[in-house]
Amino acid sequence: MSVTMKSSDALAARLAAIAPEIKAKLVPALTKSAQEVAGRAEALAEASRRSGDLIERIEVVAPGGVVTAGDESAQLHDLQAAVVATAPHSHLVEHGTGPRQHKDGGSTGAMPAQPFLLPAWRLSKPRVDRRINRAITAGIKAAAGNGGGDA
């Protein structure tokens with residue numbers, strides 16, 4: 001998480017300079033986008049259903065929330081949202097496994113990857129980009145209308 005935290009800190013410094021009117025428009029757009037990605041991830045995870053555990057543990061972390069991964073946690077910036085799968089086996093479903101063995105030496109085989117998070121993001125990205133661009137444009141117009149300068 002340290003590399004992510006460094007890039008998040010750099011992003012946070014840049015985001016701090018954004019006008020409050022733009023932030024006010026962006027937060028709902030980010031939240032709605034994260035919910036859309038989570039919904040698609042849940043639909044895609046349905047193919048790997050053995051129990052409902054994986055699907056039930058795909059969560060949206062709202063802007064400013066805390067993302068927890070194992071023993072580590074990270075505070076999101078107020079202009080960051082996240083979709084996380086908190087089931088202990090979610091990474092195994094997303095990425096698959098190599099050949100595995102029982103303690104007695106018998107093979108259990110390999111589990112093929114059944115990605116659900118990355119495809120959900122890829123499917124949602126064009127809509128997310130448009131939604132965020134509309135929010136930024138609306139925020140700029142609101143800032144300009146409030147004496148925020150020439151926009």
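The model is a predicted one, in which local features need pLDDT of at least 70 and side-chain atom pairs count only at pLDDT 80 or more, while totals for chains, interfaces and linings use all residues. Residues are numbered from 1 along each chain as its sequence is written, and side-chain values use heavy atoms, with hydrogens and water left out.

The chain contains five helices and six strands, arranged along the sequence as α-α-α-β-β-β-β-α-β-β-α. Helices (H or I, at least four residues) and strands (E, at least two) are DSSP runs, numbered from the N terminus. Of the 151 residues in the chain, 30% are buried; buried denotes under 20% relative accessible area, exposed over 50%, and partly exposed in between (1.4 Å probe, protein chains only). The chain exposes about 9500 Å², of which carbon and sulfur atoms supply 55%. Accessible areas come from the Shrake-Rupley method with a 1.4 Å probe, and for residues only the protein chains shown count as cover. Among contacts (heavy atoms within 4.5 Å) between residues at least 6 apart in sequence, 56% join residues at least 24 apart.

Helix 5 comprises 29 residues (117–145), and its end C-alpha atoms are 39 Å apart, in agreement with the 42 Å that it should span at 1.5 Å a residue. The expected span of a helix is 1.5 Å times one less than its number of residues. The buried residues of helix 5 are Ala120, Ser124, Val128, Arg131, Ala135, Gly139 and Ala143. An α-helix has 3.6 residues a turn, so residues three or four places apart point the same way. The cover over the buried residues of helix 5 includes helix 2 (20–45). Trp121, also in helix 5, is partly exposed, with a relative accessible area of 35%. When neighbours within four places in sequence are left aside, Trp121 is in contact with Val37 and Val128. Trp121 and Glu36 are 85 residues apart in sequence, and their C-alpha atoms are 9.1 Å apart in space.

Helix 2 has 26 residues and reaches 37 Å from its first C-alpha to its last, close to the 38 Å expected at 1.5 Å a residue. A kink of about 25° occurs in helix 2 at Leu26, shortly before the proline Pro28. The buried residues of helix 2 include Ile22, Lys23, Leu26, Ala29, Leu30 and Ser33. Glu36, a residue of helix 2, counts as buried at 15% relative accessibility. Beyond its neighbours within four places in sequence, Glu36 is in contact with Ser124, Arg127 and Arg131. Ala34 also belongs to helix 2 and is buried, with a relative accessible area of 6%. With neighbours within four places in sequence again left aside, the contacts of Ala34 are Val60, Ala81, Ala82 and Val83. Between Ala34 and Gln80 the separation is 46 residues in sequence and 9.6 Å in space, C-alpha to C-alpha.

The largest nonpolar core has 13 residues, of which Ala41, Ala45, Leu54, Ile58 and Phe116 touch the most other members. Helix 2, helix 3 (53–56) and helix 5 are the elements that give two or more residues to this core, and helix 2 gives the most, with four residues. A second, separate core of six residues includes Ile22, Leu26, Leu30 and Ala135. Such a core is a set of buried Ala, Val, Leu, Ile, Met, Phe, Trp, Tyr and Cys residues joined through side-chain atoms within 4.5 Å.

Among the strands, strand 2 (residues 66–69) and strand 3 (residues 72–75) pair in the antiparallel sense over four bridges; two strands pair if DSSP finds at least two bridges between them. Val67 stands opposite Ala74 of strand 3. The hairpin of strand 2 and strand 3 has two residues between the strands, and in this hairpin Gly70 takes a positive phi near 65°.

How values were computed:
The bend at a residue is the angle between axes fitted to the seven residues ending there and the seven starting there.
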